Amino acid sequence: MQFAHLIDHLFADVSRGLGLTPQQVQLLCELIQGPVGMTELTGILHVERSSLTGLVDRVEYRGLVKRIRHTTDRRVIQVALTARGARLAMKSYDSVTAKIAELTSGVAPANATLLTKIVAGILADNGVPLISTPEVR
């Protein structure tokens, strides 16, 4: 529980430094790999549709995302990063990963590798896709 709080605080510090809320940063980072449907985002972000609509409205107003129609099903609305949003998403992602690297700097390399594999396995087992820096740049 304490580790989860530590990560939450780290994430809040990064988002505050960028003039965003933690939820806005999380939304931007979820869109790094490409557009995501509104329905799918409610599950990923664990929010109700009305809350997601407000969140997307606020970041869209700031020019960070745009709503687009799905290419094959016009009923589906997807959310995509704008160029400015993509830059801020990567800055957010890089800032969070740098702070996590600072937190784990005292961990022996073999243990760090093991920790990475364990966390990646937990994420994969729970259907959470990994954002890998080389893939998104």
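This is a short tour of a predicted model, one selection at a time.

Before you click, note that residues are numbered from 1 along each chain as its sequence is written, and that side-chain values use heavy atoms, with hydrogens and water left out. Because the model is predicted, local features need pLDDT of at least 70 and side-chain atom pairs count only at pLDDT 80 or more, while totals for chains, interfaces and linings use all residues. Helices (H or I, at least four residues) and strands (E, at least two) are DSSP runs, numbered from the N terminus.

**Stop 1**

Select strands E1 (36-37), E2 (65-69) and E3 (residues 77-81). These 3 strands make an open sheet in the order E1-E3-E2, with antiparallel pairing; two strands pair if DSSP finds at least two bridges between them. E1 and E2 are the edge strands, each pairing on one side only. Between E2 and E3 there are 5 bridges, and Lys66 stands opposite Ala80 in E3.

**Stop 1: Gln78**

Stay in E3 and pick Gln78. Is Gln78 buried or exposed? At 15% relative accessibility, Gln78 is buried (buried is under 20% relative accessible area, exposed over 50%, partly exposed in between; 1.4 Å probe, protein chains only). Leaving aside neighbours within four places in sequence, Gln78 has contacts (heavy atoms within 4.5 Å) that include Pro35, Val36, Lys66 and Ile68.

**Stop 2: His46**

Move to the loop between helix H3 (38-45) and helix H4 (49-61), where you will find His46. Most residues other than glycine have a negative phi. His46 is not a glycine, yet its phi is positive, about 55°. His46 is exposed, with a relative accessible area of 71%.

**Stop 3: H2 against H5**

Show helix H2 (residues 22-30) and helix H5 (residues 83-103): their axes are 9 Å apart and they pack at about 105°. H2 and H5 are therefore roughly perpendicular (65 to 115 degrees; under 35 is roughly parallel, over 145 roughly antiparallel and the rest oblique). To see the contact, select Val25, Leu28 and Cys29 of H2 with Leu88, Ala89, Ser92 and Tyr93 of H5.

Note on methods:
Axes are lines fitted to C-alpha atoms, for helices over the stretch in contact, and angles run from 0 to 180 degrees between N-to-C directions.
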